[in-house]
Amino acid sequence: MSDAFWGLPDPDDHAEFYADVPVKRLLAWVIDMVAIILLTALILPFTAFTGLFFLPFLVMAVSFAYRVITLTNRSATPGMRLTAIEFRTAQGERFDLPMAVLHTILFSVIFSFLLPQVVSIILMLTGRRAQGLHDLFLGTAAVNRAASS
């Protein structure tokens with residue numbers, strides 16, 4: 001196991017922690033996006049519908065808050081909890097507030113540009129720990145929650 005990931009399960013010895021994680025991450029992302037869109041729609045009337053003029057920024061703000069709050073609380077978004085995965089740091093710990101903020105910032109930046117997003121997806125599909133580009137930068141990984149209990 002690499003020294004950089006000493007707290008994460010070894011993908012060769014404990015493959016069950018990483019089994020089907022890319023598919024689960026995609027499904028979790030879809031679930032979370034539906035939730036973010038619904039939350040944004042609920043907020044719109046409170047802006048007297050002026051939020052429609054800056055809707056992309058409103059969606060980004062709701063997405064940022066949603067991800068930071070949920071990752072800080074349980075190291076997983078609601079979509080991730082439904083698909084039984086959670087994030088762990090390189091030390092094997094759950095996310096705290098600073099890590100949730102950093103992960104969300106990097107996720108948002110990478111998601112905003114096509115090439116880094118494609119690279120991230122390829123890394124998730126081919127990497128030993130199914131890590132995206134932002135995960136590699138931070139030393140984090142999504143693991144199966146059921147396998148860790």
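Author: A cut-off comes first: buried means under 20% relative accessible area, exposed means over 50%, and partly exposed lies in between. The model is predicted. Start at T72. Its relative accessibility is 26%, so T72 counts as partly exposed. T72 sits in helix 2, residues 55–74.

Now look across the chain. Leaving aside neighbours within four places in sequence, T72 touches F95, D96, L97 and A100. A100 is 28 residues away along the chain, yet the C-alpha atoms of T72 and A100 are 5.7 Å apart.

Next, the helix itself. Helix 2 has 20 residues, which should span 28 Å at 1.5 Å a residue; the end C-alpha atoms are 28 Å apart, so the two agree. Its buried residues are L58, V62, S63, Y66, R67, V68, T70 and L71. These pack against helix 1 (21–43), helix 3 (78–82), strand 1 (85–88) and helix 4 (97–111). S75 follows helix 2, with a positive phi near 60°.

Then the aromatic rings. The structure holds three aromatic pairs. In one of them, W29 and F111 have ring centres 5.7 Å apart and planes at 45°, so the pair is tilted. This pair links distant parts of the chain: W29 lies in helix 1 and F111 in helix 4, 82 residues apart. W29 is partly exposed at 29% relative accessibility, and F111 is partly exposed at 37%. F87 and F95 pair too: their ring centres are 5.3 Å apart and their planes at 10°, so this pair is stacked. F87 is buried at 5%. F95, a contact of T72, is buried at 4%. Finally, W29, F107 and F111 form one aromatic cluster.

Key: Residues numbered from 1 in each chain as written. Predicted model: local features only at pLDDT ≥ 70, side-chain atom pairs only at ≥ 80, totals over all residues. Heavy atoms only, no water. Helix = DSSP H or I, 4+ residues; strand = E, 2+ residues; numbered from the N terminus. Buried < 20%, exposed > 50% of the residue type's maximum accessible area, 1.4 Å probe, protein only. Contact = heavy atoms within 4.5 Å. Expected span 1.5 Å × (residues − 1). Phe/Tyr/Trp six-rings, centres within 6.5 Å; stacked < 30°, edge-to-face > 60°.
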